[in-house]
Amino acid sequence: MFYRWASTWCHRVTALIGLRWELRGKEHLEKDQACIVVANHQSSLDVLGMFNIWHVMNKCTVVAKRELFYAWPFGLAAWLAGLIFIDRVRGEKARETLNAVNRRIKKQRIKLWVFPEGTRRNTGELHPFKKGAFHMAIDQQIPILPVVFSSYCSFLNDKKKILNAGRIVITTLPPVSTEGLTKDDIDTLMERVRAQMTETFKSTSAEMLQRYKTHKTPPIPPAVVNGTAEAVAAVAAVANSSAGYAQLHAAAASSYETYKSSAASKATMLKTL
């Protein structure tokens, strides 16, 4: 009941602030199977995206840090929906909570959603993962299901508290099996999953930046590129360069100097991000 309420509420908030979520790989989320869903974590907006696709996942619960509860109104929706809040300071208590959850998910075919980066950071890259989610998957021999949110940098500036209308791609990758793996394989498994997610993050984020460029001027400052043709070429080139998507993020973020919040309600809501 509360899951439905939170999902409906998040749909309305999403419409209010002008966000559009595009889900890819829906068939992987629809499967009736126990798994550990690992997703990148950029902002409290991730909670809105998660609840916008909640109806696809059937049985799912979420592990989140206790601090998220205080990021209202997102924390309120999360609490009402039954998210599992853990206290990262009290490590032993957090482990006990996760162990109790882990024993249930395989038996009841529950999807457990985890943000393995731990802390939300809108920096245009995936940060190192913590091992907890991968320990849990190997313990129960259930697959890892990677979910990737494209970058928010074309519409969200955390430092300036600016939020514009935007479009986000949520990509669900094929499940990664843990069958036969042991604790000794955790580092290899973790890096394999992170590499897959990073590749998807770069490609979908570059795609969104190109779309953004055709509707907003300028998404990339003139100091970086000059002219439409050069801009499109630069996006593709930088996305595939050794520096990767981080360069695009830095360039797009600097363009926020020219933007102001489009509504007072957005500014108020962003105080919690």
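This is a predicted model: local features need pLDDT of at least 70, side-chain atom pairs count only at pLDDT 80 or more; totals for chains, interfaces and linings use all residues.

User: Let's start with H41. Where does H41 sit, and what makes it buried?

Analyst: H41 is in the loop between strand 2 and helix 3. Its relative accessible area is 5%, and buried means under 20%, so H41 counts as buried.

User: How do you know that H41 and D46 make a polar contact?

Analyst: Their side chains are joined at 2.6 Å. The cut-off for N or O atoms is within 3.5 Å, so the pair qualifies.

User: Which residues does H41 touch, leaving aside those up to four places away in sequence?

Analyst: D46 is on that list too, along with F115, E117, G118, T119, R120 and R121.

User: What makes C35 and C60 buried?

Analyst: C35 has a relative accessible area of 0%, while C60 comes in at 6%. The cut-off is under 20%, so both are called buried.

User: And V62, why is it called buried?

Analyst: V62 lies in strand 3. With a relative accessible area of 0%, against a limit of under 20%, V62 is buried.

User: How far apart are V62 and L112 in sequence and in space?

Analyst: They are 50 residues apart along the sequence, but their C-alpha atoms are 5.5 Å apart in space.

User: Now strand 6. What makes it mostly covered?

Analyst: Six of its six residues are buried. On one side you have I144, P146 and V148, and on the other L145, V147 and F149. In a regular strand the side chains alternate between the two faces of the sheet.

User: How do you know that strand 6 pairs with strand 2 and with strand 9?

Analyst: At least two bridges are needed for a pair. Strand 2 and strand 6 have four, in the parallel sense, so that pair passes. Strand 6 and strand 9 have three, in the antiparallel sense, so that one passes as well. If you want residues to look at, I36 has I144 as its bridge partner in strand 6, and V148 stands opposite T171 in strand 9.

User: What is in the largest nonpolar core?

Analyst: It has 31 residues, and L19, W21, L45, W113, F149, Y152 and F155 are those with the most contacts inside it. Among the elements giving two or more residues are helix 1, strand 1, strand 2, strand 6 and strand 9. Helix 3 gives the most, with five residues. A second, separate core has 28 residues, including A133, M136, I138 and V193. In soluble globular proteins, nonpolar side chains tend to be buried together.

User: Which residues of helix 7 are buried, and what follows that helix?

Analyst: A133, F134, M136, A137 and I138 are buried in helix 7. Next comes Q141, whose phi is positive, near 55°.

Methods:
Residues are numbered from 1 along each chain as its sequence is written. Side-chain values use heavy atoms; hydrogens and water are left out. A nonpolar core is a set of buried Ala, Val, Leu, Ile, Met, Phe, Trp, Tyr and Cys residues joined through side-chain atoms within 4.5 Å. Buried means under 20% relative accessible area, exposed over 50%, partly exposed in between (1.4 Å probe, protein chains only). A polar contact is a pair of N or O atoms within 3.5 Å; within protein, one must be able to donate a hydrogen and the other to accept it, and residues adjacent in sequence count only if both atoms are side-chain atoms. Contact means heavy atoms within 4.5 Å.
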